[in-house]
Amino acid sequence: MKNSVVSKEYQKLQKDMIRLQEQWKLSLNPERIQPNLDKAALEAGVPVTALAAIDFDISLFLQWIEDMGELLSNYQPNLGKSMESLKKSLDEDTAKRWIDEAFAFNHIYFASFAEENDIDGWIPQFLAENVLRPYLQLTAEKVQNVIQYGVHGAGCPVCGEPVRLAQLEDGGKKVLHCPRCLAHWHEKRLTCSHCGNEDHETVQFLTIEGESAAQIQVCEECKGYTKIIDTRQYIVKPTPAMLDLNTIHLDFVAQENGYYTAGETKQTN
């Protein structure tokens, strides 16, 4: 694998964030999350988290936002003013709204919140998303034993994140990994993970010069793509989040060639 296009400093920040999220997850009472494994809903592609009963500790959620803000400010001191402004604008009702909108991937809400509170545009959703992850990851841990396959086009079966990362593991099996909640599930090697297309004529692979452990699976039916990394070639296997980050150049290549992570809905007559 070639060197990542992501700076060493940003990689270090991500590792520190992952460590912080792991500490938070370990501090959560697992009983706060009660998944509802409705078979029909799973088969319809409804994410587990959409039906799970999750008892959020709002005061803890607010503290985690503050902790994550401090971590970001340590790396970028110029963010201090935005973080102070954010602290003044957050209360329990707003935190509850953040949770709902983070679940819904509501970019518009967070952009509006940032503008209304004179905060850098990326900060609110970035914080909400990263503080939500320990709950998503704990949910994934609780249901991983029943998550064997996903529904094409529905994203991650646990949290709904669009599919973009697969690993080749023991025996060359293709396993999809979610960098967001860390769930993983099996997929046929030559199947498009977005629309289910299995036609070898229209499911193809882009290879990158100097990338012996990575390729991009693309589908001409839905224009979806998936990064496939042969982690058997790694001495130390990175976490899905770090693997996704350090292969972001593959996303650029795919998107420059007209492919997308979510694909497009495959039309049937």
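Guide: Start with a rule for rings. Rings of Phe, Tyr and Trp (for Trp, its six-membered ring) pair if their centres lie within 6.5 Å; planes under 30 degrees apart count as stacked, over 60 as edge-to-face and the rest as tilted. By that rule, Trp24, Phe56, Trp64, Phe103 and Tyr135 form one aromatic cluster.

A word on the source. This is a predicted model, where local features need pLDDT of at least 70, side-chain atom pairs count only at pLDDT 80 or more, and totals for chains, interfaces and linings use all residues. Residues are numbered from 1 along each chain as its sequence is written, and side-chain values use heavy atoms, leaving out hydrogens and water.

Now the pairs. The structure holds nine aromatic pairs. In one of them, the ring centres of phenylalanine 56 and phenylalanine 103 are 6.2 Å apart and the planes stand at 70 degrees, so this pair is edge-to-face. Phenylalanine 56 sits in the loop between β2 (53-54) and α4, while phenylalanine 103 belongs to helix α6, so the pair ties together parts that are 47 residues apart in sequence. Those labels come from DSSP runs, numbered from the N terminus: helices are H or I with at least four residues, strands are E with at least two.

Phenylalanine 56 is buried, at 17%. Phenylalanine 103 has 22%, so it counts as partly exposed.

Another pair is made by tryptophan 122 and phenylalanine 126. Their ring centres are 5.3 Å apart and their planes meet at 80 degrees, so they too are edge-to-face. Tryptophan 122 is partly exposed at 38%. Phenylalanine 126 is buried at 18%.

Trp64 is among the buried residues of α4, along with Ile58, Phe61, Ile65 and Met68, to name some. What covers the buried residues of α4 includes α1 (8-27), α5 (80-89), α6 (92-103) and α8 (123-143). For α4, with 18 residues (58-75), that gives 26 Å, and its end C-alpha atoms are 26 Å apart, which agrees.

Contact means heavy atoms within 4.5 Å. Setting aside neighbours within four places in sequence, asparagine 130 is in contact with Met17, Gln21, Trp24 and Met68. Asparagine 130 is found in helix α8. At 7% relative accessibility, asparagine 130 counts as buried. Its side chain joins that of glutamine 21 through a polar contact of 3.0 Å. A polar contact is a pair of N or O atoms within 3.5 Å; within protein, one must be able to donate a hydrogen and the other to accept it, and residues adjacent in sequence count only if both atoms are side-chain atoms.

Last, the wider setting. A nonpolar core is a set of buried Ala, Val, Leu, Ile, Met, Phe, Trp, Tyr and Cys residues joined through side-chain atoms within 4.5 Å. Of the 54 residues in the largest one, Leu86, Trp98, Leu127, Val158 and Cys181 touch the most other members. Elements giving two or more residues to this core include α1, α4, α6 and α8. The largest share, eleven residues, comes from α8.

Notes. The expected span of a helix is 1.5 Å times one less than its number of residues. Buried means under 20% relative accessible area, exposed over 50%, partly exposed in between (1.4 Å probe, protein chains only).
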